[in-house]
Amino acid sequence: TVSGSLSDGREIHDGIAVAAVDLLLRTHAAGYLLIDTEFIVQAIRGNPPAFISAASVGAPLLEIFPELIGSDAALHALFDQNGERFDLPMINRDGDADQTHYINLTIVCAPSLKRREQQALLVLWEDVTQSGRARQKIMQQRNELTLLRNELAQQNDRLVSANTELRRANELKSRFVGVAAHELRSPLTSILGYAELLQDKAFSVLDPTRQRFVDQIEHGGLRLLSLLNNLLDVTRIEAGNLELVLEPVMIAPIIRAAIEELRPQLDQKGLIIHYRVDAAQEALIALCDRERVGQVLTNLIENAIKYTPEAGEISVQSGPAATPGYLEISVQDTGVGIPE
């Protein structure tokens, strides 16, 4: 409660204003300097923090805040332009324990003194260390994010380059395999042709030993021809040029043909292969590529032969699949098995 006469009103008002200013300065960790036209400190209000140690009456403003060096023209203009202001935000200072402090600086003309024909500037400082450090941290994180983004972009560029080089190497490999396979087929065809000629009894009659040797030559040649065909298939698949000739085909004859083709290998290891079909299974027809299905079956049975110990058993079954409209062929053996 404030009481007093009207004549005391001015004094009471000034006292309240001073108390209010002191409260605001303490609350916002702020203060101000009163500067004359020579930029010399004439008065100080508020407690300057330790990192503004040069702030004292009679000290030059530019020694307290060297960041203002070069701003003389802007400061002189404030003396004649009441209402104008000069802001210098986020001045940083080093404090204790290598901690950075931040200050916002605002400079205006002191209006009450101007009315008394005295020129002075009010230099208001505010300690914004907490928000300044948060802002600095955000900027640092943003810079780190930018660096990471740039690094990611560079890695993507390197990945694109590596993929391009890998694709080129793969194309060269496929081209080489295709050319090599075609080149190897010509002499292989001659070898198989001569082996077939030697087996022709009209040409010559071989004793059992020589006949066995010729059979091995033919068997090895056919094996090599199968490998070359597989290599060519790989190059066609990678190039997207493998075409399937689909037609209605009876499956049972294809299975029997694959088994008979591998009969020498079965007999050599003493393996027993089971394939029995009834009349319904014998008549099963599927829309497929006859040559490719035979090739797949041959590979599956050959794999079973390779990994089944001697005197083992192999079973081939065919019949309708669980999915309506499809046919299923399975090859099982008593070998080591395939991990799930």
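1. The axes of helix α5 and helix α6 (residues 208-239) come within 8 Å of each other and cross at roughly 155°. Axes here are lines fitted to C-alpha atoms, for helices over the stretch in contact, and angles run from 0 to 180 degrees between N-to-C directions. Because of that angle, α5 is roughly antiparallel to α6; the scale counts angles under 35 degrees as roughly parallel, over 145 as roughly antiparallel, 65 to 115 as roughly perpendicular and the rest as oblique. The crossing of α5 and α6 is left-handed. A crossing is called left-handed if the near helix is turned anticlockwise from the far one by less than a right angle, and right-handed if clockwise.

2. On provenance, this is a predicted model, in which local features need pLDDT of at least 70 and side-chain atom pairs count only at pLDDT 80 or more, whereas totals for chains, interfaces and linings use all residues. Residues are numbered from 1 along each chain as its sequence is written, and side-chain values use heavy atoms, with hydrogens and water left out.

3. Leu-227 is placed in helix α6. Its relative accessibility is 40%, and therefore Leu-227 counts as partly exposed; buried means under 20% relative accessible area, exposed over 50%, and partly exposed in between (1.4 Å probe, protein chains only).

4. Overall, the chain contains 10 helices and 10 strands. These are DSSP runs numbered from the N terminus, helices being H or I of at least four residues and strands E of at least two. Of the 340 residues, 26% count as buried. The chain exposes about 23,100 Å², of which carbon and sulfur atoms supply 55%; accessible areas come from the Shrake-Rupley method with a 1.4 Å probe, and for residues only the protein chains shown count as cover. Among contacts between residues at least 6 apart in sequence, 59% join residues at least 24 apart, a contact meaning heavy atoms within 4.5 Å.

5. Two strands pair if DSSP finds at least two bridges between them.

6. Cys-109 stands opposite Leu-121 in β5.

7. Another open sheet has 3 strands in the order β7-β9-β10, with mixed pairing. Its edge strands are β7 and β10, each of which pairs on one side only. Neighbouring strands are turned here by 10° against each other on average, direction ignored. Helix α7 (residues 251-261) packs on this sheet, touching β7, β9 and β10, and its direction makes about 25° with that of β10. Helix α10 (residues 290-306) likewise touches β7, β9 and β10, its direction making about 20° with that of β10.

8. Strand β7 (residues 272-274) pairs with strand β9 (residues 313-320) in the parallel sense over 3 bridges. Ile-272 stands opposite Glu-313 in β9, and Ile-273 stands opposite Ile-314. β9 pairs with strand β10 (residues 327-333) in the antiparallel sense over 7 bridges, and there the bridge partner of Ile-314 is Asp-333. The hairpin of β9 and β10 has 6 residues between the strands, and in it Gly-325 takes a positive phi near 90°.

9. Finally, α7 and α10 pack at an angle of about 45°, with their axes 9 Å apart. That angle is why α7 is oblique to α10. The contact is made by Ile-254, Ile-255, Ala-258, Ile-259 and Glu-261 of α7 with Arg-290, Val-293, Gly-294, Leu-297, Thr-298 and Ile-301 of α10. α7 passes α10 in a right-handed crossing.
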